[in-house]
Amino acid sequence: MRISLTNSKRHYLFYFVATVVIYHPIKKKCLILKRSSQEIAHPKLWGPIGGKLEWEDLISHPITRLNHNIPNWGCVVEQLLRRETME
């Protein structure tokens, strides 16, 4: 497998994938969903809720602080998981 920055898409140089487990303590059950057959990774398999953080998620939110000139976005992962749960 070759990784080439010249062939990569501008907004897809990396993926940040997050997963959330929704657990019902009284029923002692977790929510799992079947992945779409259109998915590239693990189509038609069962798993917890999750999704990819995209450039638009960062562009649409202000930088909350700089950590040695590295931008940090507060609560972006939490918002991603909330969005994926609602979907």
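**His68.** I began with His68, which at 74% relative accessibility counts as exposed (over 50% relative accessible area is exposed, under 20% buried and anything in between partly exposed, with a 1.4 Å probe and protein chains only). I placed His68 in the loop between β7 (65–67) and β8, and I noted that its phi is near 55°, a positive value in a residue other than glycine.

**Basis of the entries.** I am working from a predicted model, in which local features need pLDDT of at least 70 and side-chain atom pairs count only at pLDDT 80 or more, while totals for chains, interfaces and linings use all residues. Residues are numbered from 1 along each chain as its sequence is written, and side-chain values use heavy atoms, with hydrogens and water left out.

**Lys44.** I then looked up Lys44, whose phi is near 65°, again a positive value in a residue other than glycine. Lys44 sits in the loop between β4 and β5 and counts as exposed at 53% relative accessibility.

**Lys34.** From Lys44 I moved to Lys34 in strand β4, which touches Lys44, Leu45 and Trp46 when residues up to four places away in sequence are not counted (contact means heavy atoms within 4.5 Å).

**Asn72.** Which strand holds Asn72? I found Asn72 in β8 (residues 70–72), and I recorded this residue as buried, with a relative accessible area of 18%. Apart from neighbours within four places in sequence, Asn72 is in contact with Ile63, Thr64, Arg65 and Asn67.

**Chain overview.** I read two helices and eight strands in the protein chain, in the order β-β-β-β-β-β-α-β-β-α along the sequence; helices (H or I, at least four residues) and strands (E, at least two) are DSSP runs numbered from the N terminus. Of the 87 residues, 14% count as buried. The chain exposes about 7900 Å², of which carbon and sulfur atoms supply 59%, the areas coming from the Shrake-Rupley method with a 1.4 Å probe. Among contacts with a separation of 6 or more, 48% join residues 24 or more positions apart.

**Nonpolar core.** Ala18, Leu53, Leu58, Val76, Leu80 and Leu81 make up the largest nonpolar core, a term I use for buried Ala, Val, Leu, Ile, Met, Phe, Trp, Tyr and Cys residues joined through side-chain atoms within 4.5 Å. Helix α2 (residues 76–86) gives the most to this core, with three residues. For Leu58, I listed contacts with Leu53, Trp73 and Val76, leaving aside neighbours within four places in sequence.

**Largest pocket.** I ended with the largest pocket, which holds about 800 Å³ of space. A pocket here is an open set of points on a 1 Å grid over the protein atoms alone, with protein on both sides within 12 Å along at least five of seven lines, and lining residues have an atom within 4 Å of a point; the volume is the space filled by probe spheres set on the points, which are joined across faces, edges and corners. Its lining has 23 residues, with Arg35, Glu39, Gly50, Gly51 and Lys52 nearest the centre. I counted β1 (16–20), β4 (33–34), β5 (46–47) and β6 (49–53) as each supplying at least two lining residues, with the largest share, four residues, coming from β6.

Conventions
On a 1 Å grid over the protein atoms alone, a cavity is a set of points where a 1.4 Å probe fits but cannot get out, and a pocket is an open set with protein on both sides within 12 Å along at least five of seven lines; lining residues have an atom within 4 Å of a point.
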